[in-house]
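My notes follow the structure.

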Amino acid sequence: MTSQPPASQPQASVSARHGAPHAGLHDHSAQGQSLTDALEQAGFYPRLVADVVADALDGRDCVSHLVHLETHFDRAEVRRHITVLVLTEDMLVITHVDDQQLDEAGEQMVAQVSTESVPVAQIRSVVLSYIYAQPQDYKPSDPVRELTLSIAWSGGQRLDMGPASCGDPQCEADHGYSGTIAQEDIVLRISAEADGLQAVQDAKLFARALRAVNTGSGAPAGHGVSTLPPRSRAGVFANRLSRGHQR
């Protein structure tokens, strides 16, 4: 991964006001796509999202990024929302944008934006869950069918509960409930079928970069070290975001 030299803060502010590209958004993934290009490709209010992300970065340089656009159907409506994860030398910046239609004609729209900045040192775990098709015929060249990225930092936990059973399909007795507890603050599910093979690969690369910074093994070479002090915005964003990205 490479990045362009950071511009000074006053220049970045002027550029933002005139619609020019933001200095902090010009990192490149291993495939050579910048964060700005990724937002344009997603096509979900790219200028708005870019401005919000640049503001949340507070002048920091982007080390790695992950842009995840989700579409779901709510009765007769098609709803989309985007999550942008940006890793800097010392922070994980999370931006989530939803839109909402205020009238039946769809002429009045609002965008709901949330950002959270988490010091990398506070991240407790980075979990990747993989799904492979036909594991009995696995070859090293086989792509991952689905990947779930879970990141925990605040100690938040997700509880999945369901009725317990004894295994007898004829049994009608009450066996209580059983469930699992998973520690997570944000969960992103990336499917090769829905998002493409490249999206799965990008998620793996982002997780690798996050692990490298989190464990102190160093960020990918070629990035300047930020001199700005970390400014944590802890709390309110994590719980709402995790609910929106569970299976």
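**Basis.** The model is predicted, so I kept to its rules: local features need pLDDT of at least 70, side-chain atom pairs count only at pLDDT 80 or more, and totals for chains, interfaces and linings use all residues. Residues are numbered from 1 along each chain as its sequence is written, and side-chain values use heavy atoms, with hydrogens and water left out.

**Sheet.** I looked up an open sheet of three strands, in the order β7-β8-β11 with antiparallel pairing. Strands (E, at least two residues) and helices (H or I, at least four) are DSSP runs numbered from the N terminus, and two strands pair if DSSP finds at least two bridges between them. β7 (125-131) and β11 (186-191) are the edge strands; each has a single partner strand, so one side of each lacks a neighbour in the sheet. On average, neighbouring strands here are turned by 15 degrees against each other, direction ignored. For such angles the axes are lines fitted to C-alpha atoms, for helices over the stretch in contact, and values run from 0 to 180 degrees between N-to-C directions.

**Bridges.** I checked β8 (residues 146-152) against β7 and found seven bridges, antiparallel. Valine 126 has isoleucine 151 of β8 as its bridge partner. On the β11 side, six bridges pair β8 and β11 in the antiparallel sense. Glutamate 146 is partnered with serine 191 of β11, and leucine 149 with leucine 188 of β11.

**Cover.** I then asked how many residues of β8 are buried. The count is seven of seven, where buried means under 20% relative accessible area, exposed over 50% and partly exposed in between (1.4 Å probe, protein chains only). Glu146, Thr148, Ser150 and Ala152 point one way from β8, and Leu147, Leu149 and Ile151 point the other way. In a regular strand the side chains alternate between the two faces of the sheet. In β11, five of the six residues are buried.

**Rings.** My search of the whole structure returned three aromatic pairs. In one of them, tyrosine 132 and tyrosine 138 have ring centres 5.5 Å apart and planes at 85 degrees, so I logged the pair as edge-to-face. The rule covers rings of Phe, Tyr and Trp (its six-membered ring) with centres within 6.5 Å; planes under 30 degrees apart are stacked, over 60 edge-to-face and the rest tilted. Tyr130, Tyr132 and Tyr138 form one aromatic cluster. Tyrosine 132 is partly exposed at 33% relative accessibility, as is tyrosine 138 at 45%.

**Loop.** Alanine 121 sits in the loop between β6 (109-119) and β7. I noted alanine 121 as exposed, at 76% relative accessible area. Its C-alpha atom is 8.6 Å from that of valine 213, which is 92 residues apart from alanine 121 along the chain.

**Helix.** Last, I looked up leucine 48, which is found in helix α3 (residues 46-57). Leucine 48 is partly exposed, at 34% relative accessibility.
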